[in-house]
Amino acid sequence: MRAQVANGIHLEYETIGSESYPPVLLIMGRGSQLTAWDPRLCRALSERGYFVIRYDNRDVGLSTWLDN
């Protein structure tokens with residue numbers, strides 16, 4: 001997995017497939033990690049020619065957690 005940092009917020013993400021493919025961004029509901037996306041679905045999308053991106057929202061998984 002990789003991370004992107006913007007404005008001090010660290011977001012953990014994972015990509016599957018070729019960056020030359022059209023992107024598909026998988027957004028999980030609040031409170032669930034990127035790993036909740038079934039790997040078989042991610043592979044199937046990639047095998048059909050999509051660049052799959054899944055990520056942990058803020059305050060979830062390995063992304064930055066803020067005190068509220």
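This note walks through the sheet, the helix and the nonpolar core of a predicted model.

1. Ground rules. In this predicted model, local features need pLDDT of at least 70 and side-chain atom pairs count only at pLDDT 80 or more, while totals for chains, interfaces and linings use all residues. Residues are numbered from 1 along each chain as its sequence is written, and side-chain values use heavy atoms, with hydrogens and water left out.

2. The sheet. Four strands form an open sheet in the order β1-β2-β4-β3, with mixed pairing. β1 (2–6) and β3 (23–26) are the edge strands; each has a single partner, so one side of each lacks a neighbour in the sheet. From one strand to the next, the twist averages 30°. Strands here are DSSP E runs of at least two residues, helices H or I runs of at least four, numbered from the N terminus. Two strands pair if DSSP finds at least two bridges between them.

3. A central pairing. β2 (residues 9–16) and β4 (residues 51–55) run antiparallel, joined by 4 bridges. Ile 16 stands opposite Val 52 in β4.

4. The core. The largest nonpolar core has 8 residues: Ile 16, Val 24, Leu 26, Met 28, Trp 37, Cys 42, Leu 45 and Val 52. β3 and α1 each give two or more of them. Such a core is a set of buried Ala, Val, Leu, Ile, Met, Phe, Trp, Tyr and Cys residues joined through side-chain atoms within 4.5 Å.

5. Val 52. Val 52 is buried, with a relative accessible area of 0% (buried means under 20%, with a 1.4 Å probe and protein chains only).

Notes:
Axes are lines fitted to C-alpha atoms, for helices over the stretch in contact, and angles run from 0 to 180 degrees between N-to-C directions. Buried means under 20% relative accessible area, exposed over 50%, partly exposed in between (1.4 Å probe, protein chains only).
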